[in-house]
Amino acid sequence: MFRLITRRLAISAVLLFVISLLTFILQSLAPGDVAETILGSGSGSVGRSYSEEQYQQLRQELGLDQPLLVQYWNWLTSAVLGDLGTSPVSGLDVTAAISSRLPVTLSLVALGTLATAIVGVGLGVVSAVRGGRLGRVVDVLSLLGSALPNFWLALLFMALFAVTLGLLPATGFVSFTDSPQGWAESLVLPVTTLVVAGAATFAKQTRDSMLTALTHDSVRMLRANGASEASIVWRHALRNAAIPVVTLVGLVFIGLFSGAVFIENVFALPGIGRLAVQAANQHDLPVVQGVVVALTLVVIVTNLLVDLTYGWLNPKVRTP
Amino acid sequence: MTTTTSTTRQATDPANPETSRAADGTGGGGASPRSGRRTWRAALGRPLAVVSLVYLVLLVVAAIAAPAVAPFDPADLDLDSVLAGPSAEHLLGTDALGRDVLSRLIYGGRVSLLNAAIAALTFLVVGVVGGLAAGFYRGWVDRAITGVVDIMIAIPGLIILLVVLAVFGGNMTVAMVALGVLAAPGFARVMRAVTLAVRAEPYIAAAQVSGLPNRRIIVHHVIPRVTGPILVQFSLFCGAALLVDAGLAYLGFGAQPPTPTWGGMIVEASTVMQQQPWLLVPAGATLGLATLAFALLGDAVRDATEERTGRTAFRSRRAPAVANREPVSVPAGDEPTPTALLRLRHVSIALPVNGALTTVVDDVNLDVEAGETVGLVGESGCGKSITASAVLGLLPAGAQITGGQIWFDGTDLTSAQPRTIQKLRGSRIAMIAQDPIASLDPVFSVGQQVSELVRRHHGGSRAAARTHTLELLANVSLRDPDRVASSYPHELSGGMAQRVALAMALAGDPDLLIADEPTTALDVTVQAEILELLQRLQRERGMAVLLITHDWGVVGSACHRANVMYAGQVVETCDVASMFRSPSHPYTVGLLQSTPHQATPLEHLRAVPGAVPAPGAWPAGCHFAPRCALAAADCGAAPIGLAEAAPKHLTRCLHHDQIARLEAP
């Protein structure tokens, strides 16, 4: 177990390095640079409002005149210390911008994952035991859930529950510390969208691993020796089916960060996805780079947690 | 990758074959995928797949022929009729600027479909080339590609797309190529697995030996075999790419207004949601249906591939319909003896084999008195275990008791409610099985598993159950009950695991223990220990044991009486001493002669000639007749009944009086 974790951490470090380097190189391919962005013209040929000297001076200040690898090294050394630079567009500190928005996205994604997992496991287990019609309904819902664009679903929900019925706020976010009720209300529709889009697929996977677990010899023996059906299904089979399901929880959690990019834009939630889209639209590369690093970290931490959960679930991994 | 769901799909399908039926089902595990053309033909045998394909073709044709097909110019403003609902003139209504929605949809398809095509083509080329190279060349090529794939799969794809869009100023072509590249690793992983499976087949080696260049082998022999998985992944990804394209358009990237795109139309609709919610429908539904069509097409191809490899998509829990056999009537004089604990009379059991219900147990009589150990002997496949399952009410899905009665302590289990049988399990009838380690749940400790059953049968507090559990573990001669209780099944030896399984079976103090080949999977020395333990427990508890085995040694040392089964029937029943001394059925004689226990030095072991007929292929008369040296014309005429060779010694043989002829060397 310990070796597994250290191996994972080593791979994670490589991953972070590769991804940040990759985005850094990508940035260097861009027409124009941060200095141009700051000085006012995006891609900049027409109507330059600044002189070549101003431009060169700024490049020097920002270190852009140095070789790419030196620039990367400079960025890396401060990034390790938690300084992801400054946005040339807004002038704000990137680390601060990300950390102020991360809680919004985390609320959305964590609640979304939790709700998806609860609905998905429930439906999956019941359809594994009952099979038949419920199983087919899950199949169809899962197909629809993955075929319909989630921002479109979000808009439909908004049109129905917020605009037509006026039950919930259409857009905006209330922080938990300001008003827990407002926080909950502002997240109902976004989370519901995520659940509707993903729960059936989750249920389908859960059903498949439950069906496998229920054919295990030990299930037969427990049944033969009088264990209760409820215990067999919810305790033994589910626990044995849990390993693929936990993998799925991790994948859903990571996947929802992509989903959140759209949902945050539909519901005007000030999260990290919205930040990334704005930054990308404004050619604000340091912010985009910062978001990439932050999300890669999230992916790494999630995978680590999934690995630790394996250890908890599977005694064979736990004990050497 | 764009939406939650497609990310999930992306991530769980191609990227993670372990958790995905898609990747698995496409033949990664050595299944041989069928060739592309046949796969297509099989897939198109499904109505849904045809409808999907027609819809997609229509979309593409309409997009290409947009100027000819679209009723209006997509940029034509008509400010007199803005936000109109569907009408004869504007089939799908008009938008906020009075533009015809249908025309904009058709033109929008040009942008959206082209973008998806760019992404899909990239995905196809990168994924196929990478996967084929890794799977075919193996070695360092494989290691390098697998390494890259492992890293790429962990990258948050959508965010990298945003980076690309930020860097390239919203250039959708570049973004779509990037999308294809980002999604390809999962595909490559699937391709690699499939290619490895194909490559392992002898004809590839033959082609290599005969000097065919690798490129030719790949093009002519590998690719045709892996077309199925390619089509599945490609189709699924086309749908995902459409969603990403629309999503990015929704976020404001790509073609800018007034150029129509599907995602852009959804944005425009969302701004006038309060006045005309209808506008959300056309673009969203067109897009959703297109993605759905790609998914259905992919599923159809996958199912077509799987069908040939013999996998079924979903296990049916319903038994096929059968003509109910007339229950065999109990002949007179066959009344239950008052003392019998378990009494099977004329029990027949049928199982679905290739869709048809086939009788596997035929007219079985079996008695177990309280406190006695009864052996049920026979070769594998003769119906011993299925008979035991029937007693416990645990026949596999689809199996049926087609005749006879199973009396347990005066109750006929064949007509009892499932609840009644469930209450008997563990508390009156318990079971241990052949593979002791697989019989235990791998994720719970021994203590947890035993005490669950203890509490189930006796109730009481956790502490009391714990004490009782430790007693049980000591009772099955486990030396260190505390340590065993905290162990997990994988930490136990086979013998220890069988003792634990026994402790679990004893948790409810059963009157009857069914031991299904309890020693078969164990080492010889351990076998003897377990047998001794079984005998001790049987004596101490006064428990009856039905011992299923194919080992005469086990029968001889542990059983009071024995039943020999052959091809679904009990052919001989008597006490063990008579069975060994004067067997009265030719099959029993053959079995005993073929056992090492009976052999004297320098004498050859004799085998029964021929093979056991499969269920469904049983002869009409005596099942053993085709292999029997005593067989005569009357043996094949009609079903053979049980005859009394001696008092309490029954045999299903017409010619048991001539059995001595077989004993002679």
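Student: What percentage of the 320 residues of chain A count as buried?
Tutor: This is a predicted model. A residue is buried if 20 or more other C-beta atoms lie within 10 Å of its own. Of the 320 residues in chain A, the share that counts as buried is 45%.

Student: How many helices and how many strands does chain A have?
Tutor: Read along the sequence, the pattern of chain A is α-α-α-α-α-α-α-α-α-α-α-α-α. The count for chain A is therefore 13 helices and 0 strands.

Student: Which helix of chain A gives the most to the side that touches chain B?
Tutor: The contact involves 77 residues of chain A and 78 residues of chain B. On the side of chain A that touches chain B, 18 residues come from one helix, residues 229–266. That helix is α10 of chain A.

Student: How do the residues of the side of chain A that touches chain B divide into nonpolar, polar and charged?
Tutor: Gly counts among the polar residues in this division. The side of chain A that touches chain B has 43 nonpolar, 28 polar and 6 charged residues.

Student: Which strands are the edge strands of the open sheet in chain B?
Tutor: The sheet has 4 strands with antiparallel pairing, in the order β2-β1-β4-β5 (chain B). An edge strand pairs on one side only, and this holds for β2 (356–369) and β5 (411–412) of chain B.

Student: Over how many bridges do β1 and β2 of chain B pair?
Tutor: Strand β1 (residues 340–353) of chain B pairs with β2(B) in the antiparallel sense. One of the bridges joins B:Ala340 to B:Glu369 in β2(B). For β1 and β2 of chain B, the number of bridges is 10.

Terms used:
Residues numbered from 1 in each chain as written. Chains lettered and ligands numbered in written order. Predicted model: local features only at pLDDT ≥ 70, side-chain atom pairs only at ≥ 80, totals over all residues. Helix = DSSP H or I, 4+ residues; strand = E, 2+ residues; numbered from the N terminus. Buried ≥ 20, exposed ≤ 12 C-beta atoms within 10 Å, placed from the backbone. Contact = placed C-beta atoms within 7 Å. Pairing = 2+ DSSP bridges.
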